[in-house]
Amino acid sequence: MDNTIKKRLGQYFSGSKVANLLVDICAPTCFDRVIDPMAGIGDMLDASIQYGVPSANVCGIEIDPVAGMKCKEKISSGKVFIGDAFSLEPYSFFERKAWDLVITNPPYVRYQSIGNYEGGGFVLKNATEIRHSLSKIVNTLEHLSDEEKACFQKIIRNYSGLSDLAVPAWILCAALTKHDGQLAMVVPESWISRDYALIIKYMLLKFFDIKFIVEDMNSVWFPDALVKTNLLVAKRVKFRSSILDIGDAKYKYIRLNSGLAGETSLIEKLSYNGQNGYKAFRSLVYSGNDVSMDGFELKHITMSDFISEMTASPVFDKLLSKLEPRSQSISATTIPKELRDVIGEDFLPCKLADIRSWGFQVGQGLRTGANKFFYAKVVKTEGDIDYLAVDSIFGNKIIPVSHRYSLPVFRYQSELSDSYVISNEMLSHRLLYIQEDFFTVYGTLQNPSDAPLYKHITEAEQMTIYSGGKATRFPELTAVKPNIRPANSSGNSRQRFWFMLPELAKRHVPQLCISRVNYKNVKCCLIAQDGIVVDANFSTLWTDSEDKRKVYALFAVMNSLLIRAYLELIATVMGGGALKIEASHIRRLLLPFPTEETISSLFMLGKRFAECNPTERGIVQSEIDRLVMRLVTGIADPQNQCGKLQAFLHSKINARQR
């Protein structure tokens, strides 16, 4: 199939192994009516038929005509509509608007990037059209009560414009599920952690009981996508006026190792209760107890834990105020259950606080939009001049640049070596931070000594470069164009050019940072000097507080055993075993409550941790770990808990690196 179209549509076809496993969890009957609204080549529908659903009972919708024809061939007498699921036509074609099982692998692609695409014999709606069409579809669904329709309409109006196309796909599938029916979705693990997925979790709590979540432990089910995958199955229930009405409900969380897969299925080598393969899997999923064995595990998770982790996001209260204006704020009160299972149930809500309570904000480092121009390597420094080796696309050129326009920048983890503290001396890269004072009001150079830099700028803007496979020039780059600004006619502002980056924000020159992509141990770095710029490869933390002890205190907490294990659970595992930590993950963390005594104790340890040599670091690290554990549990001597947590952390790191 056309790779360009697949990329446009976010197509990662399920394949028979994933489809068979998901259908088996759903266990549809011969009486069930089944639909896949994003059917692709029909893997889910074919698996349903193989399970025993009559082909006449299955329906599919697929916008790509090539994939749609393959789907038609696969499901024989089933009905396939080749067209847009976000339109009314397919539901008239099927003469049905509610199904016993709605099962799909939705497209995971930013729908902003595919809007109004025409090609391959189909047209893709833009974001506004999708939202509008989704609203129209919901209004036609007779199985929904007025109250349910009103809730869906609020969800449709308020889902984030930053969402994947999968978010409106989720909403569509949920709305098409009949009462007592099942919703079954293939989802990337990031659906758990992304802020824009909060509205989907809210929708599930209002309309569904989650029954199963099955995790691909080693990110192998979709090798082309390079992400860890979850399978989710939920049952449509009576509409809940409040998400807190879920009571003591639980769902089963199952993790499967890649070693269980074989030629015929993802669980071919699974053995449990004297059974193998699918029989063993069915015995496992209906077990009433937690199970942990080589290659797989099952845990029963309470929905109160699901709600608590969801509400840990700082944006949740804001979202809830839009969806349910009369609701009270629902605050997260505890850390993930998996951590509590390791250490015990001794975490006290009154001892926990999010990072905002510490007075810190979280963001992302600098994204220049043209790194090959804005970044250079320092060769030597003489006085207030840096001699910079610019990118190889400009040839082997070294130019003298005044310190006014040459700022130290932290770009890569490798620059740290074994250190946790970033200083100017260890940084080999510089940022060309050229501002309006480069020119006089008459447009001439402010300082003649800047002539070599100006010559470099002139040569750069005339160069032909390649971006996204297309020939262009630096001033034409999408991310650079906003730098350009004409002079204000009143004289209040001067002209700005493509090579003049916007004024640096606090997130670009933070006090702490954490690499966004981590291959082994996660570590938080302390910025030792003011004025060091941090690249977008890092999530950044900063505070306006006058109490600078908090910087060292938070530095200690973020490098504690507890927080590193916490991040292993809530951050996103990528292909190749890397752990991706976004600002949204850091905002979800619950930390020791920052009392005066806590800040003082952690400050001393954080300062020692920053200043000690590598041989002493392990001793200070252990003191930090014990103090943090004591603060959040109240246990006087948490040595045993720290040991268990250390083993747990190692197991998580090893599991994602297999």
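**Entry 1: an enclosed helix**

I started with helix α16, residues 549-558, where 8 of the 10 residues are buried, so the rest of the structure largely encloses this helix. I keep in mind that this is a predicted model. The buried residues in α16 are K550, V551, A553, L554, F555, A556, V557 and M558.

**Entry 2: aromatic pairs**

Next I asked how many aromatic pairs there are by the ring-centre rule. The count comes to 25. I picked F410 and F538 from the list: this pair is stacked, with 4.4 Å from centre to centre and 25 degrees between the planes. F410 sits in strand β20 (residues 406-410) and F538 in strand β29 (residues 538-543), so the pair ties together parts that lie 128 residues apart in sequence.

I then looked at Y552 and F603. Their ring centres are 5.9 Å apart and their planes stand at 80 degrees, so I noted the pair as edge-to-face. This one links distant parts of the chain, with Y552 in helix α16 and F603 in helix α19 (residues 596-611), 51 residues apart. Y552 has a relative accessible area of 21%, so I wrote it down as partly exposed. F603 comes out at 19% and counts as buried, because the cut-off for buried is under 20%.

I also found one aromatic cluster, formed by F373, F374, F394, Y405, F438, F439, Y454, F474, F497, W498 and F499.

**Entry 3: lysines over rings**

I checked for charges over ring faces. K79 lies over the face of F93, at 5.5 Å from the ring centre, and K523 lies over the face of Y420, at 4.6 Å from the ring centre.

**Entry 4: a mixed sheet**

Which order do the strands of the open sheet follow? I read β19-β18-β17-β22-β20-β28, 6 strands with mixed pairing. The edges are β19 (398-402) and β28 (533-534); each has a single partner strand, so one side of each is left without a neighbour in the sheet.

Inside the sheet I followed β17 (residues 375-382) and β18 (residues 385-389), which pair in the antiparallel sense over 5 bridges. One detail I jotted down is that V378 has L388 in β18 as its bridge partner.

Conventions. Residues numbered from 1 in each chain as written. Predicted model: local features only at pLDDT ≥ 70, side-chain atom pairs only at ≥ 80, totals over all residues. Heavy atoms only, no water. Buried < 20%, exposed > 50% of the residue type's maximum accessible area, 1.4 Å probe, protein only. Helix = DSSP H or I, 4+ residues; strand = E, 2+ residues; numbered from the N terminus. Phe/Tyr/Trp six-rings, centres within 6.5 Å; stacked < 30°, edge-to-face > 60°. Lys NZ or Arg CZ within 6 Å of the ring centre and 35° of its normal. Pairing = 2+ DSSP bridges.
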